[in-house]
Amino acid sequence: MRGVNYPYYFLAKALKGIKRHLFLNIVTVVIITFSMAIFGIFSLLFLYTKGVVDRWEERMGISAYLEEGIDRATLKALMDRIRAIDGVEGVRYISKEEAYRLFKRELSSLSDVVEDLDENPLPSSLEVRVRSGMEVEGVERIAREIGRLKGVEDVDFGGQWLKRLATILKLFRVSLVALSLFLFLTIVLIVSNTIRLTMFSRKDEIEIMELVGATERFIKMPFLIEGFLQGTIGAFTGALIVLGLHSAIFPKLGPFFMILSGNPSPRVPMAGLLLFMVLLGGALGIAGSSFAVKRFLEAA
Amino acid sequence: MIRLFRVSKRYPEGVTALHEVSLHIEKGEFAFLTGPSGAGKTTLLRLLFREERPTSGQIIIDGRNLIKLPRKEVPFFRRNIGLVFQDFKLIPHWTVYENVAFALEALGTPPREIRKRVLRVLGMVGLHGKMARKAAVLSGGEQQRVAIARALVKEPKILLADEPTGNLDNEMACRIMEIFEEINTRGTTIVMATHNYELVSRYGNRVIGLDRGRVVEATERVAEGT
Ligand SMILES: Nc1ncnc2c1ncn2[C@@H]1O[C@H](COP(=O)(O)OP(=O)(O)O)[C@@H](O)[C@H]1O
Ligand SMILES: [Mg+2]
């Protein structure tokens, strides 16, 4: 007797509730849509930035520029010492001539000015490969250690700026989490408010339900479904907006990503993100309506 | 079936609506609860289905102590009780059918069973033809019959009816009494509040008389007519 279920019945009641407060429900859904779209857009931005930075980190190496006229013995000793440093995977010597060749090849596509140089201004260097997946901080430590060695004029590890970028990425992550929490809270509150208004307008009905022996679950269910529908529909349209913006803008960003990371279309888990948004919308809707129902029934 | 032991009810505003009422109503009885307006009839019925709790005293119904009944158990307790409210408590924008069906939906009765039982009970109270009307547009007497139908459709073990004939003409009142008698002979215990003394004397059931919150008269069967 306790277990008989009426999925269709509850759904019909929820839809009736939505129809009766159609305008309020539309406003709620629109707010959820925008909140979710904002969440989705910022998540995408974050994922792309992270993709680019990760790639940079992957390729991060250390260049140790050597003093002019370094002799072979010093060079040999220097390379051995660098190889002994923890985290270093390999060292390769690049002579002045090779450096110049590489430089010309890299830039030839962009400019011909290099042809005009009559003297090679580049120093010889050691290209140090570090263990892949190493954090910026670790690479920086190794670079500093190499910089102190005899025969090394200057070191460069692909970036103070990469370190700054990693910091910015961290900041981005924290802001994203804060923004998301704010948006999610907004959604919970707006759903909860809408459901509370619906419940107030059906106060007599709920009271009569209680008097004829309806269980709390039976009374609650249509309202929970209503909140779930608001959240899911709002999140779904929000996800559509994100998808639409993405397919409109992303293809045009290829060259930009090419320059940034050497890859015209970094992969982000788009489907996963959209699915997550929709599920989360439903969950937030249920959370908001549960909150309203609980408060309403406890007050009664 | 229904046992009250020194039950008092004082409303927060200070009105003492019931004063040390002790009663025992057996399974299968059909008792009238009489008394002038304000005697405490409605209050007593509200205590019996746990809409209110007594200020003091004990109430045992169908083996359950209502004082100790946890909140969560209240709906399950109410399932076995049919209620006819003095003010009907219908949902005005629902149809007659919906108002009656609802009492069964709330219990999780299968839909086919609901349809069958609602149609039968609406036929009993003579509202077959009006089942698609909104409750709000019905006359007082019709609304009362909807309220009665909603109580009967549950086929309850106990029927608590608060002035169920108050808005009905004589003929319809008799019809309702016939229905009550019939379900009573099939085993339903009935407590019916009324101040219609003519009705009380005509049927000669047990009478519990209330006056200003006290039991003033408790007979097994009223012999004399008026
Ligand atoms: N909810 C309430 N709050 C305060 N006083 C009430 C309430 N309900 C009833 N009363 C009072 O309790 C007394 C008994 O009322 P009631 O039980 O409705 O009597 P009856 O149904 O016999 O007319 C009356 O004095 C009435 O004013
Ligand atoms: Mg009364």
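Colleague: Which residue in β9(B) does B:A31 stand opposite?
Modeller: B:A31 stands opposite B:R206 there. Keep in mind that this is a predicted model.

Colleague: OK, and how do β3(B) and β9(B) pair, parallel or antiparallel?
Modeller: Parallel, over 4 bridges, with β9 covering residues 206-211 of chain B. β3(B) is also joined to β8(B) by 4 bridges, and those two run parallel as well. In that pairing, B:L33 sits opposite B:A193 of β8(B).

Colleague: What holds paired strands together in general?
Modeller: Strands in a sheet pair through backbone hydrogen bonds, in either the parallel or the antiparallel sense.

Colleague: Is β3(B) buried or exposed?
Modeller: Buried: 5 of its 5 residues are, so the rest of the structure largely encloses this strand. B:F30, B:F32 and B:T34 point one way, while B:A31 and B:L33 point the other way.

Colleague: Now a helix. How far apart are the end C-alpha atoms of α6(B)?
Modeller: They are 22 Å apart. That agrees with what you'd expect, because 16 residues at 1.5 Å a residue should span 22 Å.

Colleague: Which residues of α6(B) are buried?
Modeller: The buried ones are B:M172, B:A173, B:I176, B:M177, B:I179, B:F180, B:I183 and B:N184. Looking down the axis of α6(B), the buried residues fall within an arc of 160°, so they line one face of the helix.

Colleague: Why would residues a few places apart point the same way?
Modeller: An α-helix has 3.6 residues a turn, so residues three or four places apart point the same way.

Colleague: And what's on the other side of α6(B)?
Modeller: There you find B:N170, B:E171, B:E178 and B:T185, which are exposed.

Colleague: So what covers the buried residues of α6(B)?
Modeller: Several elements of chain B, including β3, α4 (111-124), α5 (140-152) and β8 (189-193). That's our strand β3(B) again, among the elements covering this helix. One more detail: just after α6(B), B:G187 takes a positive phi of about 115°.

Colleague: Changing topic, which protein donors does the magnesium ion have?
Modeller: B:T42, through OG1, and B:Q86, through OE1, lying 1.9 to 2.3 Å from the ion, which is ligand 2. The two come from distant parts of the chain, 44 residues apart. B:T42 is in helix α1 of chain B, and B:Q86 is in the loop between β6 and α3.

Colleague: How accessible are B:T42 and B:Q86?
Modeller: B:T42 is partly exposed, with a relative accessible area of 26%. B:Q86 is partly exposed too, at 37% relative accessibility.

Colleague: You mentioned α1(B). Which strands does it lie across?
Modeller: α1(B) lies across β1, β2 and β4 of chain B, at about 120° to β1(B). These strands belong to an open sheet of 4 strands with the order β2-β1-β4-β5 and antiparallel pairing. β2 (16-25) and β5 (64-65) stand at the edges with a single partner strand each, so one side of each has no neighbour in the sheet.

Colleague: How many bridges join β1 and β4 in chain B?
Modeller: 5 bridges, and the strands run antiparallel.

Colleague: Over to chain A. What order do the strands have in its open sheet?
Modeller: The order is β2-β3-β1-β4, with 4 strands and antiparallel pairing. Neighbouring strands are turned by 20° against each other on average, direction ignored. β2(A) and β3 of chain A are joined by 6 bridges, and A:V88 stands opposite A:V130 in β3(A). Helix α3 (72-83) of chain A packs on this sheet, touching β1, β2, β3 and β4.

Note on methods
Residues numbered from 1 in each chain as written. Chains lettered and ligands numbered in written order. Predicted model: local features only at pLDDT ≥ 70, side-chain atom pairs only at ≥ 80, totals over all residues. Heavy atoms only, no water. Pairing = 2+ DSSP bridges. Axes fitted to C-alpha atoms, helices over the stretch in contact; angles between N-to-C directions. Contact = heavy atoms within 4.5 Å. Expected span 1.5 Å × (residues − 1). Buried < 20%, exposed > 50% of the residue type's maximum accessible area, 1.4 Å probe, protein only. Arc of directions from axis to C-beta. Donors = N, O, S within 2.8 Å, 3.2 Å for Na, K, Ca; no water.
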